[in-house]
Amino acid sequence: MLTAHATDVILHAFDWPYPLVEQRARQIQQAGYKYVLVSPPMKSLKKPQGTKWWQRYQPQDYRVIDNQLGNSQQFKSMLNTLKQHGVGIYADVVFNHMANESSVRNDLQYPSTTDLDDYQANKEYYQNQRLFGDLSKPLFNHDDFVEAFGIEDWQDRWQVQNGRITSGPSDPGLPTLRVCTNVISQQQSYLKALKKLGVKGFRIDAAKHMTLEHLKQVWTDEICQDIHIFGEIITSGGATQPEYELFLEPYLAQTRLGAYDFPLFQTLYDALQPKGSLKSLVDPYCFGQALSETRAITFAITHDIPNNDVFANLVMTQAQEWLAYCYLLGRDGGVPLIYTDLNTSGIHGKDQQPRWLNTWNDPQMLAAIDFHNRMHAKPMTMIEAGDDLLVFARGEEGMVILNKSVRAKTVELSSSATWIDLLTKQTFLSKAGICHLDVPAQSARMLITD
């Protein structure tokens with residue numbers, strides 16, 4: 001279940017409308033991506049003037065896809081077009097909670113009576129969007145939710161997995177679903193419906209907030225068959241960190257599901273700081289600072305980091321983020337996830353353009369993905385590791401050099417081969433069995449033999 005996709009790069013098309021993903025299907029395939037992760041395909045609030053990205057993470061109904069990014073018909077069309085180009089879809093799913101609609105009503109019926117009336121008034125439209133179930137009845141009611149209270153202690157596992165995610169004391173928060181027969185049944189029906197359409201993977205949003213009992217009951221062997229699943233469990237590092245031991249370690253021990261490799265992300269982030277050392281990237285798994293290669297979803301940035309103030313300090317500089325991607329796409333193990341958006345955060349780069357708008361098809365990114373795909377299954381061997389310089393080989397045909405220093409570096413390699421840097425197309429010739437490879441400051445080389 002987990003190893004089948006272990007070398008396939010996923011494009012995180014964050015908050016892209018489904019028709020836009022479909023429109024770019026051929027470009028996505030040509031760029032070397034094997035899968036696209038799309039925002040939650042379910043019913044959530046939509047308005048003519050648009051809604052904020054986080055509305056996509058406040059479900060109103062699983063039985064229909066109807067949100068700001070598109071509907072069921074557009075989702076199916078996107079999926080089929082991508083399939084024609086050999087690209088699969090991962091769906092983001094939100095099972096911990098439902099939408100906070102406390103500003104307009106006091107009950108806990110989902111969808112609301114207003115939405116159910118809308119289903120009946122526009123019966124033909126909603127039947128065309130239906131994935132499963134009887135749209136004349138509610139999906140959930142009051143009995144499907146735990147008692148309402150906001151999380152206060154984020155290192156109390158019981159609170160985190162039973163309380164409501166809120167924005168503060170005055171916010172009633174997101175109604176947390178209870179582990180009960182109806183909730184499990186509806187969530188499984190939703191997953192089965194998406195699998196039947198051809199969805200190839202799932203990202204579990206807010207998995208940290210779900211009990212292991214909930215996760216185990218929903219993600220049965222039948223549902224996990226031939227599918228890649230990974231959970232979002234945010235931690236501030238690996239082994240010895242409280243969040244790791246409270247949430248991620250039990251999840252990894254008691255399920256077979258994959259997870260975001262936050263331990264490796266923190267290791268990378270620290271290593272790439274001016275006072276950090278690239279030596280920590282030699283074998284982070286050995287020290288509990290990375291997940292096993294068959295469970296890990298690796299990343300240099302996730303959608304939460306630039307779009308939530310609480311994580312804003314984890315946004316790397318552009319130079320650091322690029323070196324992180326070169327490491328992740330150059331190394332062996334894990335499933336690299338490449339983040340792109342439509343300027344959701346409003347953060348701009350050095351060129352004054354939206355920072356992550358064109359990450360997905362940046363020429364250097366495409367070259368790094370090309371290196372990753374070429375090096376599939378080739379062993380990784382460390383050659384040199386220092387505070388500012390890291391050199392490792394992939395088989396006999398590939399090599400990655402990272403230089404985080406503010407000064408250029410030269411690597412002397414015992415080799416009679418001619419090396420080509422895929423990132424710059426520069427060629428390096430060997431003389432008398434020695435090849436000198438220059439690496440500019442704060443840059444990388446991803447080399448293959450000619």
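Let me begin with R331, which sits in the loop connecting α13 (318–330) to β10 (335–340); helices here are DSSP runs of H or I with at least four residues, strands are runs of E with at least two, and both are numbered from the N terminus. Please note that this is a predicted model, in which local features need pLDDT of at least 70 and side-chain atom pairs count only at pLDDT 80 or more, while totals for chains, interfaces and linings use all residues. Residues are numbered from 1 along each chain as its sequence is written, and side-chain values use heavy atoms, with hydrogens and water left out.

A polar atom of the R331 side chain does lie 3.2 Å from the backbone oxygen of G333. Beyond its neighbours within four places in sequence, R331 is in contact (heavy atoms within 4.5 Å) with L264, T298, M380, F392 and R394.

I turn now to H97, in the loop between β5 (88–93) and α4 (113–121). H97 counts as buried because its relative accessibility is 3%. Its side chain has a polar atom 2.9 Å from the backbone oxygen of Y57. The side chains of H97 and N96 are joined by a polar contact of 3.1 Å; the term denotes a pair of N or O atoms within 3.5 Å, where within protein one must be able to donate a hydrogen and the other to accept it, and residues adjacent in sequence count only if both atoms are side-chain atoms. Leaving out residues up to four places away in sequence, H97 touches residues including Y57, P59, I165 and D205.

Next, helix α10. The buried residues of α10 are E243, Y244, F247, L248, P250, Y251 and L252. They pack against α6 (157–162), α8 (212–218), β7 (228–231), β8 (258–260) and α11 (262–271).

Finally, Q84 belongs to helix α3 (residues 72–84) and counts as exposed, at 65% relative accessibility. Q84 and R26 are 58 residues apart in sequence, with their C-alpha atoms 9.2 Å apart in space.

Terms used. Buried < 20%, exposed > 50% of the residue type's maximum accessible area, 1.4 Å probe, protein only.
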